[in-house]
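Dear colleague,

Please find below the structure that I am handing over to you. My findings follow directly after it.

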Amino acid sequence: MAKHTGRGIAAIEYPTGMNQNGDPSQCWIKVKPDGRIDVFAGTADIGNGSKTIQSQIVAETIGVPYDWITYDNSNTDSSPVCTGTFASRATFVAGKAAEKAALQVKQKILEIAGKEMEIDPADLEIVDGEVIAKGAPQTKLGVGDVAAAATWGHGELITGTGAQLKPYAAIIDPETGEVDLPPHSAISYAACAAEVEVDDETGEVRVTRLQQCYDVGRALNPSQVEGQIEGGAMMGLGLGVLENCYPYYPSVEHRGGAFGSYLAPGMEDMPQIDTIMIENPSADGPYGAKGIGEMANNPQPPAIAAAVHDAIGVWITELPITPERVLRALEAKAEPRREGKTVVFDEELSVNAISKGGIAFEVPA
């Protein structure tokens, strides 16, 4: 009896947003008289950092410091519509709506500033909260001063709205199913290499290392992206070796009622995790971003299964890869096989034969 090491790899692709859309997001932005900016959206932040990312997108698009942004998603009654935080869409779809709204606000600021500075708005730009004349940086006006002028001098509210909805694809060839537009806005790709240690006496599988590579489109906030990928890796580890998913169709049986009966990975189970991020910008995402939320826990389980096979020579085809399943697979592999029996390829089978699909294997009476 011994411990065996193995390595395995898995690669996946994952769509961003819903297939054929049906998941619009909207955003509304207003500039207060002091130049600070309120963003209203309905996107729920469930720990994915959508409030941070959308605030970053707004600040970058308008040209103001990040801490000038107040993001309000507290009331779905007064906020614009957002279908929800699912399908890895919060940055890609809702973030694009925020970018569109911010572009409107930026244009309005430049128009008011142009009147105040008597300069064509096309010759102005906004940098770090200041409206600056292109080629003459000494000629400038603070965004706060522009907002005050809009409020008290021009009687205007600087505001902007944005909405994102992918156009529906139309079938142009009924025979082949070819469509005029891609059903998905962006496809992300990822790969995971797993290293495991398998005890062939106890059946225990310990994952010692996960090395992962993700195409993230563009990492708008690299620390958040890396954290999300590593959090997903721990979830994938749990799905691979600890966590039973319920219900198993067609059974409606659910897991035990006590929290202690559900096994999830802890810090002592955490392997070495190495993350590589590849930036392959999307043409449709805000600043080239793609969705990577849900895919972050997809490649680990199959990579672990491949590593277990590399270690002990058996495939575990049902998750999680528990000690019991490992030991049963090893026992089945070690069972002696009877030689010299005749394989009968006939649908008329004798009483002492086992049949499946018209193929009979003769067995002792």
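Of the 365 residues in the protein chain of this predicted model, 41% count as buried. The chain contains six helices and 16 strands. Among its contacts with a separation of 6 or more, 69% are made by residues 24 or more positions apart.

I begin with the helices. Two packed helices are described by the angle between their axes and the distance between the axes. Helix α1 covers residues 50-62 and helix α2 covers residues 90-117; their axes come within 8 Å and cross at roughly 30 degrees. Angles under 35 degrees count as roughly parallel, and α1 is therefore roughly parallel to α2. The crossing in which α1 passes α2 is right-handed.

On the α1 side, the residues that meet α2 are Ser50, Ile53, Gln54, Ile57, Val58, Thr61 and Ile62. Their counterparts in α2 are Ala90, Thr91, Ala94, Gly95, Ala98, Glu99, Ala102, Leu103, Val105, Lys106 and Ile109. By class, this contact of α1 with α2 comprises eleven nonpolar, five polar and two charged residues.

Helix α2 also meets helix α3, which spans residues 143-153; the axes of α2 and α3 come within 9 Å and cross at roughly 85 degrees. Because angles of 65 to 115 degrees count as roughly perpendicular, α2 is described as roughly perpendicular to α3. Here Ile109, Ile112, Ala113 and Glu116 of α2 are in contact with Val143, Val146, Ala149 and Ala150 of α3. The contact of α2 with α3 has seven nonpolar residues, one charged residue and no polar ones.

I turn now to the strands. Strand β11 (residues 186-199) pairs with strand β12 (residues 205-215) in the antiparallel sense, over nine bridges. Within this pair, valine 198 stands opposite valine 205 in β12. The hairpin of β11 and β12 has five residues between the strands, and glycine 203 in this hairpin takes a positive phi near 85 degrees.

Which strand pairs with β12 in the parallel sense? That partner is strand β13, made up of residues 272-278, and the pairing runs over seven bridges. Cysteine 213 stands opposite isoleucine 276 in β13. Strand β12 therefore has an antiparallel pairing with β11 and a parallel pairing with β13.

Yours sincerely,
A colleague

Technical notes. Residues are numbered from 1 along each chain as its sequence is written. This is a predicted model: local features need pLDDT of at least 70, side-chain atom pairs count only at pLDDT 80 or more; totals for chains, interfaces and linings use all residues. Side-chain values use heavy atoms; hydrogens and water are left out. Axes are lines fitted to C-alpha atoms, for helices over the stretch in contact, and angles run from 0 to 180 degrees between N-to-C directions. Helices (H or I, at least four residues) and strands (E, at least two) are DSSP runs, numbered from the N terminus. Angles under 35 degrees count as roughly parallel, over 145 as roughly antiparallel, 65 to 115 as roughly perpendicular and the rest as oblique. A crossing is left-handed if the near helix is turned anticlockwise from the far one by less than a right angle, and right-handed if clockwise. Contact means heavy atoms within 4.5 Å. Ala, Val, Leu, Ile, Met, Phe, Trp, Tyr, Cys and Pro count as nonpolar, Asp, Glu, Lys and Arg as charged, and the others, Gly among them, as polar. Two strands pair if DSSP finds at least two bridges between them. Buried means under 20% relative accessible area, exposed over 50%, partly exposed in between (1.4 Å probe, protein chains only).
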